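Have the sequence and the 3D view open as you read.

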Amino acid sequence: MRLIFVRHGESAANAAGVYQGWRDVPLNARGERQAAAAARALAARRDIRPVALYASPLQRAWRTGEIVGTALGLAPVAHDGLREIDVGAATGLHRDEVDRRWPDRLARQRALGLDHGWPGGETGRAFRARVAAALDEIVARHAGAWADDAVVVATHGGTIRFALAVLCGDEPTSWPDGPIGNCSLSEVLLAPDGGAHRVVCVNACAHLAGAE
């Protein structure tokens with residue numbers, strides 16, 4: 001079975017460099033176009049058979065899931081475990097303001113690793129456990145699926161990064177903090193019988209060329 005992660009389309013907060021976390025913001029017009037492009041790319045594939053679609057209930061991911069689902073003939077299923085990390089007191093703040101309020105943030109993240117958390121938010125360890133539990137539940141629901149069966153997951157950049165690390169047996173801190181672009185695709189081919197899963201692609205964006 002394949003898991004195909006779709007990061008949500010762009011929101012106004014994304015474009016402005018504002019931390020969103022659990023703030024429930026919609027897609028902007030560009031985000032709608034990006035989601036439509038991702039939907040077309042997935043619908044055009046002939047090497048997969050999409051069998052289910054899950055989405056974070058936060059509306060930027062949920063709307064992305066709706067657009068993708070329309071193209072695939074699937075209704076999204078909400079899963080709270082797919083929400084972005086809760087950034088607590090940083091929610092709604094611009095990156096520059098975050099740096100002013102917590103000038104030692106990066107040093108603390110390096111020192112604490114997964115035990116680092118935002119004031120009033122989640123630690124990386126709690127986030128990892130939540131994402132891992134969501135993946136376990138989703139995969140278990142589709143036990144016995146064939147190799148060309150694909151479960152599509154519309155979610156957030158942080159969730160995708162942690163999910164990839166969990167599936168590969170790595171700690172999220174060992175994964176580069178590189179981009180997971182809006183409506184990029186990341187795909188993992190799950191191995192049967194507890195074997196090593198194979199990452200097919202991360203942050204694939206070629207399908208977005210006409211949506212920007």
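Predicted model: local features only at pLDDT ≥ 70, side-chain atom pairs only at ≥ 80, totals over all residues.

Residues are numbered from 1 along each chain as its sequence is written, and side-chain values use heavy atoms, with hydrogens and water left out.

Q: Why is Glu10 called buried?
A: Buried means under 20% relative accessible area, exposed means over 50%, and partly exposed is in between (1.4 Å probe, protein chains only). Glu10 has 9% relative accessibility, so Glu10 counts as buried.

Q: What makes Glu10 and Asn28 a polar contact?
A: A polar contact is a pair of N or O atoms within 3.5 Å; within protein, one must be able to donate a hydrogen and the other to accept it, and residues adjacent in sequence count only if both atoms are side-chain atoms. The side chains of Glu10 and Asn28 make such a contact at 2.8 Å.

Q: Why is Arg40 called exposed?
A: Its relative accessible area is 54%, so Arg40 is exposed. You can find Arg40 in helix H2, residues 29-44; helices (H or I, at least four residues) and strands (E, at least two) are DSSP runs, numbered from the N terminus.

Q: What makes Arg2 and Glu187 a salt bridge?
A: A salt bridge is a side-chain nitrogen of Lys or Arg within 4 Å of a carboxyl oxygen of Asp or Glu. For the side chains of Arg2 and Glu187, the N to O distance is 2.7 Å. Arg2 is in strand S1 and Glu187 in strand S5 (residues 185-189), so this pair ties together parts 185 residues apart in sequence.

Q: Are Arg2 and Glu187 buried or exposed?
A: Arg2 is buried, as its relative accessible area is 14%. Glu187 is buried too, at 2%.

Q: How do you know that Glu137 forms a salt bridge with Arg141?
A: Their closest N and O atoms are 2.5 Å apart. Both residues lie in helix H6, 4 residues apart, about one turn of the helix. Glu137 is partly exposed, with a relative accessible area of 36%, and Arg141 is also partly exposed, at 44%.

Q: What span is expected for helix H6?
A: The expected span of a helix is 1.5 Å times one less than its number of residues. Helix H6 (residues 124-141) has 18 residues, and its reach of 26 Å from first to last C-alpha is close to the 26 Å expected.
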